[in-house]
Amino acid sequence: MKHYEVEILDAKTRDKLCFLDKVEPNATIAEIKNLFTKSHPQWYPARQSLRLDPKGKSLKDEDVLQNLPVGTTATLYFRDLGAQISWVTVFLTEYAGPLLIYLLFYFRVPFIYGPKYDFTSSKHSVVHLACICHSFHYIKRLLETLFVHRFSHGTMPLRNIFKNCTYYWGFAAWMAYYINHPLYTPPTYGDEQVKLALIIFLFCQLGNFSIHIALRNLRPAGSKTRKIPYPTKNPFTWLFLLVSCPNYTYELGSWIGFAIMTQCLPVALFSLVGFIQMTIWAKGKHRSYLKEFRDYPPLRSPIIPFLL
Amino acid sequence: MASSEEDGAGGGGGSLEEKEKGRKRRLGALATAWLIGYNIAMTAGWLVLAIAMARFYMQKGTYKGLYKTIQKTLKFFQTFAVLEVVHCAVGIVHTSVLVTGVQVSSRIFMVWFITHSIKQIQNEESVILFLVVWTVTEITRYSFYTFNLLNHLPYFIKWARYNFFIILYPAGVAGELLTIYAALPYVKKTGIFSLRLPNKYNVSFDYYYFLIIVMASYIPLFPQLYFHMLWQRRKVLHGEVIVEKDD
């Protein structure tokens, strides 16, 4: 068996960073990354991007050395992706924040509303219902992060956690401040409005959860396979007939429901910003599906049936 | 920053000029004609404003009442500048939509949400300061774009564009900040643009604190834009020195 030699150069400066000899032909990029870490311990595998061309795409961890278009002396280019943090850590942090922050406002903890309101309770039933819904939503997200989602990537850049937490925690505080305010005004159409909103909210929570389960079942544990998602026996998944990312569709629906329930403009704005971001993600996902699968169902649109 | 000098009206800027030498940017004839027309009109507009301001001061000997006299012209030409965002969006001007948007927005904000809306500060000295700065800046900028589009750029216009800002930029920022600061007490008293609880949208907005945040945002933003202009200036003027040596 002929062994390979691998030299790793810096993609920007072309400096020789590492030379590996006697590399097995069937070695994976993941194994090469581990070898590289030995000589440069500050660059753990998650922050390495190795490519065949300094400006090219990153090689995947699963790629095998002998299957790459290289000679027996392979040259790989290295780019530092910067400090990395695991997706699970980011999700848990960004979701735990809103859960706790909302409750601080709900219980009217001191220094928010003025001393005469400290630890008082709202007289409006919708305020209590809103707290239950908001908390349920984020508890659901935390549990899904721990037990349902199967992540393609292990890590993301560290700076994302600051950006994401500012967004989630900031909006949660802004919403919670008004909903739990002593001068809160309940919805104009009263109980009818709240009832309708609750139905929309619960329907979409169930829908979103159904999609997450369906997506999880597409992918065996520990694998990174990608398949076209299809409707299952669960009626909530039938939205796959019309949309590539029904999880985002249902998520938007949940927040619209919450906005109607609380009749609070900050909630509506949060829904709008979330909708814009999810549309960008959905369009990207839709494009990847179309690129990867010849037989991708043509009726589907990214996030809103027939429209977007 | 309101008195910054980024592109938006077309033709070119420091780094763009150099690229143009190597890579001929092919603008359609219609787009070029439109941009030349637009830049000539804007140069003329700000010249009219400058002359009106100078005449007022020469005739009255004071700047009290000057703003009231020129406000219609100012609002017209400054608001018209939103077209520059469209130019970038459509692609006939090669500058970021975001940068141009921020610049035009800050000008619109000063004109409509400060000096137009809070009439009590219209006779402040700081208003005259930023008006003079904006006028000189815009005349320089729009004539620069005009001559660039016509491929006949007199050196003194280029010199002006890359040197005036050194003084004008900080002066303009000072004028704007002092004006917003002067407006604060009136905003607090009248509660203009503010929304209080309780209301059926369950939201509140305090324009007074919003203005304070706006003022604070100048601190990180101004140095970035200023140093960017200094960097552009070095590239343009430093590049010329190299060309001379080759001769």
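**Exercise 1. Find what share of chain B counts as buried.**

Step 1. Set the cut-off: buried means under 20% relative accessible area, with a 1.4 Å probe and protein chains only.
Step 2. Apply it to the predicted model. Of the 247 residues of chain B, 47% count as buried.
Step 3. The accessible area of chain B is about 12,900 Å² (Shrake-Rupley method, 1.4 Å probe). Carbon and sulfur atoms hold 68% of that surface.

Conventions: this is a predicted model, where local features need pLDDT of at least 70, side-chain atom pairs count only at pLDDT 80 or more, and totals for chains, interfaces and linings use all residues. Residues are numbered from 1 along each chain as its sequence is written, chains are lettered from A and ligands numbered from 1 in the order in which they are written, and side-chain values use heavy atoms, with hydrogens and water left out.

**Exercise 2. Describe the fold of chain B by its elements and contacts.**

Step 1. Count DSSP runs: helices are H or I of at least four residues, strands are E of at least two. Chain B has eight helices and zero strands.
Step 2. Take contacts (heavy atoms within 4.5 Å). Among those in chain B between residues at least 6 apart in sequence, 78% link residues at least 24 apart.

**Exercise 3. Characterise the interface of chain B with chain A.**

Step 1. Eight residues of chain B contact 12 residues of chain A.
Step 2. The buried area is about 830 Å² (accessible area, 1.4 Å probe, lost on being put together, summed over both parts). Carbon and sulfur atoms give 58% of it.
Step 3. On chain B, the residues touching chain A divide into four nonpolar, three polar and one charged.

Technical notes: Buried area = accessible area lost by both parts, 1.4 Å probe. Nonpolar A, V, L, I, M, F, W, Y, C, P; charged D, E, K, R; others polar. Buried < 20%, exposed > 50% of the residue type's maximum accessible area, 1.4 Å probe, protein only.
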